[in-house]
Amino acid sequence: MTLKLVSAFSLPGLPQRQPEVGHLIRNLRQLTGHTQEQFAGVLGVSFSTLNRWENGHMQPSPLALKQVNSVLVELAQISDARLQAARQELLAKYMTVN
């Protein structure tokens, strides 16, 4: 099973359209309980870059999208039912399965 987010970069499992990417990143950040500044650090980008992504003013690079995907993969390793349900909801909302 391959996950694919709707993205201009055509990376498997990653978002493609700008509004969806921004919403996914915001929802994922909120799910992990990070501020924009903290989540920017997790992804290895600046606060202003993360803010532009979330507000739809800029598209993440393919490398940044891989980092977002890594956070989703890491969440799968946590055995918290609430967290897993929220993660599954994000996957269903923003990704297609090939």
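This report describes a predicted model of one protein chain, from its overall layout to single residues.

## Basis of the model

Residues are numbered from 1 along each chain as its sequence is written. Because the model is predicted, local features need pLDDT of at least 70 and side-chain atom pairs count only at pLDDT 80 or more, while totals for chains, interfaces and linings use all residues; side-chain values use heavy atoms, with hydrogens and water left out.

## Confidence

The predictor's confidence in each residue is given as pLDDT, from 0 to 100. For the chain the mean pLDDT is 81, and 78% of the residues reach 70 or more.

Over residues 1-11 pLDDT stays under 50. The model has 53 contacts beyond four places in sequence for this stretch, a contact being heavy atoms within 4.5 Å. Where pLDDT is low, the predicted coordinates should not be read in detail.

## Overall layout

The chain holds 5 helices and 2 strands. Helices (H or I, at least four residues) and strands (E, at least two) are DSSP runs, numbered from the N terminus. Along the sequence the pattern is β-α-α-α-α-α-β.

Of the 98 residues in the chain, 37% are buried. Buried means under 20% relative accessible area, exposed over 50%, and partly exposed in between, with a 1.4 Å probe and protein chains only. Among contacts between residues at least 6 apart in sequence, 56% join residues at least 24 apart.

## The nonpolar core

A nonpolar core is a set of buried Ala, Val, Leu, Ile, Met, Phe, Trp, Tyr and Cys residues joined through side-chain atoms within 4.5 Å. The largest one has 21 residues, of which Ile-25, Leu-28, Phe-39, Leu-43 and Leu-50 touch the most other members. At least two residues of this core come from each of helix H1 (18-32), helix H2 (36-43), H3, H4 and helix H5 (81-94). H4 gives the largest share, 6 residues.

Leu-43 is in contact with Leu-50, Trp-53, Gln-67, Val-68 and Val-71, leaving aside its neighbours within four places in sequence.

## Helix H3 and Glu-54

Helix H3 covers residues 47-54 and includes Glu-54. Its buried residues are Thr-49, Leu-50, Trp-53 and Glu-54. These residues cover an arc of only 135 degrees around the axis, which puts them on the same side of H3; the arc is that of the directions from the helix axis to the C-beta atoms. After H3 comes Gly-56, whose phi is positive, near 75 degrees.

Glu-54 counts as buried because its relative accessibility is 4%. Its side chain makes a polar contact of 2.6 Å with the side chain of Arg-29, and another polar contact, of 2.7 Å, joins the side chains of Glu-54 and Gln-36. A polar contact is a pair of N or O atoms within 3.5 Å; within protein, one must be able to donate a hydrogen and the other to accept it, and residues adjacent in sequence count only if both atoms are side-chain atoms. Beyond its neighbours within four places in sequence, Glu-54 is in contact with Gly-22, Ile-25, Arg-26, Arg-29 and Gln-36.

## Helix H4

Helix H4 (residues 62-76) has 15 residues, which should span 21 Å at 1.5 Å a residue; its end C-alpha atoms are 21 Å apart, which agrees. The expected span is 1.5 Å times one less than the number of residues.

The buried residues of H4 are Ala-64, Leu-65, Val-68, Val-71, Leu-72 and Leu-75. They cover an arc of only 105 degrees around the axis, so they lie on the same side of H4. Leu-63 and Glu-74, on the other side of H4, are exposed. An α-helix has 3.6 residues a turn, so residues three or four places apart point the same way.

## Helix H5

The 14 residues of H5 reach 20 Å from the first C-alpha to the last, close to the 20 Å expected at 1.5 Å a residue. Buried in H5 are Leu-83, Gln-84, Arg-87, Leu-90, Leu-91 and Tyr-94. Their arc around the axis is only 120 degrees, which puts them on the same side of H5. On the other side, Ala-81, Arg-82, Glu-89, Ala-92 and Lys-93 are exposed. Asp-80 caps the N-terminal end of H5, with a side-chain oxygen 3.0 Å from the backbone nitrogen of Arg-82.

Leu-90 counts as buried at 8% relative accessibility. Apart from its neighbours within four places in sequence, Leu-90 is in contact with Leu-24, Asn-27, Leu-28, Leu-31 and Met-95. Leu-90 and Leu-72 are 18 residues apart in sequence and 9.3 Å apart in space, C-alpha to C-alpha.
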